[in-house]
Number of protein chains: 2
Amino acid sequence: MNINENYLKLQDSYLFSTIAKKVKEFADNNPKADIIRLGIGDVTLPLAPVVVEAIKKAADEMGIKETFKGYGPEQGYAFLREEIKKYYLKKNVDLNSDEIFISDGAKSDLGNILDIFGLDNVVLVPDPVYPVYVDTNIMAGRKIIFADANEQNGFLPLPDENIKCDIIYICSPNNPTGAVYDRNGLKKWVDYALKNNSVILFDAAYECFIKSKELPSSIYEIEGAKKCAIEFCSFSKTAGFTGTRCGYTIVPDELVREGVHLRKFWLRRQTTKFNGVPYIVQKAAEAVFSDKGQEQIQQNIQYYSENAKIISDTMDKKNIWYTGGKHSPYIWLKCPNNMSSWEFFDYLLNNAQIVGTPGSGFGRNGDGYFRLTSFGDKQRTIEAMERFSKLI
Amino acid sequence: MNINENYLKLQDSYLFSTIAKKVKEFADNNPKADIIRLGIGDVTLPLAPVVVEAIKKAADEMGIKETFKGYGPEQGYAFLREEIKKYYLKKNVDLNSDEIFISDGAKSDLGNILDIFGLDNVVLVPDPVYPVYVDTNIMAGRKIIFADANEQNGFLPLPDENIKCDIIYICSPNNPTGAVYDRNGLKKWVDYALKNNSVILFDAAYECFIKSKELPSSIYEIEGAKKCAIEFCSFSKTAGFTGTRCGYTIVPDELVREGVHLRKFWLRRQTTKFNGVPYIVQKAAEAVFSDKGQEQIQQNIQYYSENAKIISDTMDKKNIWYTGGKHSPYIWLKCPNNMSSWEFFDYLLNNAQIVGTPGSGFGRNGDGYFRLTSFGDKQRTIEAMERFSKLI
């Protein structure tokens with residue numbers, strides 16, 4: 001009996017536990033302090049009313065023999081895949097509904113998709129980045145190389161023709177930096193992938209925050225992307241589904257490697273190791289696409305976007321360099337006075353009682369940077385930025 | 001870019017598509033035929049009223065900011081893990097709630113658990129068996145050996161000391177055979193695993209059909225099992241959750257291999273590649289454990305068990321050899337007159353308009369056997385057995 005020894009190479013992340021410990025210490029020493037948390041990566045607004053109604057209606061259906069639903073299709077019900085197909089048509093992306101796979105969230109599929117690839121592929125991951133891309137590949141023992149994201153490239157690295165890689169992660173709008181690729185930037189990645197026979201894993205979990213038609217919110221807006229990219233998306237940030245769990249993955253028919261349609265491999269993976277998303281959750285997701293649903297979720301996205309603007313306006317006023325905030329719920333700022341990420345964390349907590357996330361927790365290039373998020377309460381965000389303005 | 005070439009070794013199963021094709025042909029040629037389906041492996045009774053109410057109440061909570069739930073713990077909410085802990089206490093199995101991981105169903109976790117094991121382990125799978133055990137290991141390229149289940153051993157194979165294996169699948173009550181290990185049988189497997197440092201993956205998805213305290217419904221009822229077994233269970237058959245998706249996996253703290261607590265590896269796997277089960281679904285599962293919930297789901301289990309008895313009584317009357325039916329929703333019968341599985345399928349369809357599942361679809365040793373299930377309507381099951389009695 002052998003364990004998967006790659007797991008022993010994983011580094012434990014102490015990022016959020018260290019934050020929690022430091023905040024607790026501060027609160028214990030300053031029991032009257034009014035701490036504002038702008039580090040949260042989770043939504044806080046409730047599910048939209050039409051979504052709640054859809055769940056309740058679906059629950060009633062499940063309670064009656066004639067309308068009860070047992071096992072559903074592993075790749076998701078047609079009613080939801082059709083809505084997603086229509087959603088992509090608005091982006092001028094024409095998908096076959098067989099190319100759309102309903103998932104229990106982007107995180108699961110971003111990890112599970114690796115099943116269909118060989119173990120000796122070289123993986124390219126931007127740094128800093130959402131830690132799951134790195135950890136899932138360490139678990140499989142793949143070689144990982146990093147693409148440096150930094151102030152010089154606006155935290156949007158471009159391909160280097162001298163470096164060969166097989167699997168490429170792109171997250172745009174990015175977590176944690178909030179930076180968004182324009183068409184030209186994404187086209188360079190697509191061209192690289194087509195030339196080098198690579199596959200791009202495109203994480204579009206934050207696409208709903210993009211407010212300009214000029215910026216691509218799907219990689220398939222770029223010509224040729226269907227031949228080299230898999231796209232992951234989620235209702236988590238779009239519709240507050242972080243605790244409701246629904247997303248989708250797109251594997252285009254045109255994506256062929258070694259003569260194999262990767263869509264067929266993914267379908268085989270899902271039919272073998274997955275049994276679909278709950279019917280009640282798929283009905284909830286369907287409701288998001290109704291006219292009322294779109295109106296209601298846009299109110300929430302607007303709310304978070306206004307918070308992001310409150311934060312980014314403060315950075316502008318203070319001449320602090322940052323990315324994100326405009327087409328993203330994240331603001332990634334350069335720590336003032338050349339402080340390290342953790343120095344700035346302590347400084348902000350001690351002097352303004354604001355909690356954020358040290359950029360060093362997301363990779364080597366994150367040190368000296370800091371993430372603030374717009375998922376909090378508006379009045380608290382305003383209050384936090386008033387304190388910030390006075391302090392800095 | 002290399003694909004996972006192990007996927008090319010997977011055999012497509014044409015079992016259910018062939019059944020569908022044959023039934024369609026028959027129906028087209030005999031438009032007035034009244035076909036009864038006893039091949040179905042899915043539940044047909046609706047969710048219990050308390051479960052429906054729990055979902056609706058949870059949906060309302062999700063619609064209010066103060067009670068909204070975002071990301072939950074990847075291993076599941078404490079409220080549900082505590083109920084499962086109490087459920088096991090009734091079996092005299094004392095679990096720490098940290099050993100319980102809430103899943104979106106046994107199928108997902110049975111596949112995903114393999115992540116934490118090395119690729120060069122030898123896997124032992126009974127034949128016939130639920131095809132997922134084989135396919136998930138083919139995907140990983142592991143060597144698979146089979147334990148012959150047959151009439152001689154009552155479709156309950158026991159360990160062979162001359163055969164060494166690292167990962168052992170046991171499903172009891174079994175799918176497809178309905179056979180159930182007694183304490184003595186399971187103890188032999190536990191002893192083998194302890195002696196050979198193997199890990200047993202125990203699929204207990206059908207445990208709720210066991211009606212005798214004499215038969216173990218958890219492998220942890222066997223001494224030493226916590227040192228060598230992981231148990232998978234599900235609300236799918238227990239409470240009709242096939243379309244609602246919830247289960248749980250137990251990785252005991254005492255299970256250590258190569259100095260590693262496998263529980264910690266599994267926790268790392270889940271926190272990296274999974275984001276938990278929907279809050280509304282966990283509240284639904286919690287309701288199953290309420291007094292009313294237990295009463296309501298027992299009515300459904302009773303209904304299916306009565307169907308199973310109707311079928312097995314018919315087999316008894318006709319002196320047909322079978323396993324299952326008593327502590328299982330499945331009846332696994334020997335085809336009369338030495339017919340092959342598919343010959344009997346055609347015979348039953350053509351002469352009694354009953355659809356079942358050919359045993360050969362579950363493995364080499366399944367040929368000559370046939371699976372009937374008790375998940376259908378009671379009156380239809382009675383009607384089917386009347387036709388069966390007249391025919392055979």
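Mentor: We will go from the pairing of the chains down to single residues. Keep in mind that this is a predicted model.

Trainee: How many residues are in contact?

Mentor: 66 residues of chain A and 65 residues of chain B. On the chain A side, the elements giving two or more residues are α2 (49-62), α4 (106-112), α5 (132-140), α8 (262-273) and α9 (279-288).

Trainee: Which of them gives the largest share?

Mentor: α2(A), with seven residues.

Trainee: New topic. What span should α11 of chain A have, and what is found?

Mentor: The helix has 12 residues, 341-352, so at 1.5 Å a residue it should span 16 Å. Its end C-alpha atoms are 16 Å apart, which agrees.

Trainee: Which of its residues are buried?

Mentor: In α11(A) they are Ser341(A), Phe344(A), Phe345(A), Leu348(A), Leu349(A) and Ala352(A). They cover an arc of only 130 degrees around the axis, so they sit on the same side of α11(A).

Trainee: Why does that spacing work?

Mentor: An α-helix has 3.6 residues a turn, so residues three or four places apart point the same way.

Trainee: Over to chain B. What is the strand order in the open sheet?

Mentor: Four strands, β11-β12-β15-β14 of chain B, with antiparallel pairing. The edge strands are β11 (322-324) and β14 (357-358), each pairing on one side only.

Trainee: How many bridges join β14(B) and β15(B)?

Mentor: Two, in the antiparallel sense. Thr357(B) stands opposite Arg371(B) in β15(B).

Trainee: Which helix lies across β11, β12 and β15 of chain B?

Mentor: α10 of chain B, residues 291-317, running at about 15 degrees to β12(B). Its 27 residues should span 39 Å at 1.5 Å a residue; the end C-alpha atoms are 38 Å apart, which agrees. Its buried residues include Ile297(B), Tyr304(B), Ile311(B) and Met315(B). Just after α10(B), Asn319(B) has a positive phi of about 55 degrees.

Trainee: What about β2 in chain B, which way do its residues point?

Mentor: Ile100(B) and Ile102(B) go one way, Phe101(B) and Ser103(B) the other, and all are buried. β2(B) pairs with β8 (residues 247-250) of chain B over four antiparallel bridges. Ile102(B) stands opposite Tyr248(B) in β8(B).

Trainee: Last one. Is Gly247(A) buried or exposed?

Mentor: Buried, because it has 26 C-beta neighbours inside 10 Å, and the cut-off is 20 or more. Gly247(A) lies in β8 of chain A. Its C-alpha is 4.9 Å from that of Ser103(A), 144 residues apart along the chain. Beyond its sequence neighbours within four places, its contacts include Ser103(A), Asp109(A), Phe232(A) and Cys233(A).

Methods
Residues numbered from 1 in each chain as written. Chains lettered and ligands numbered in written order. Predicted model: local features only at pLDDT ≥ 70, side-chain atom pairs only at ≥ 80, totals over all residues. Expected span 1.5 Å × (residues − 1). Buried ≥ 20, exposed ≤ 12 C-beta atoms within 10 Å, placed from the backbone. Arc of directions from axis to C-beta. Pairing = 2+ DSSP bridges. Contact = placed C-beta atoms within 7 Å. Axes fitted to C-alpha atoms, helices over the stretch in contact; angles between N-to-C directions.
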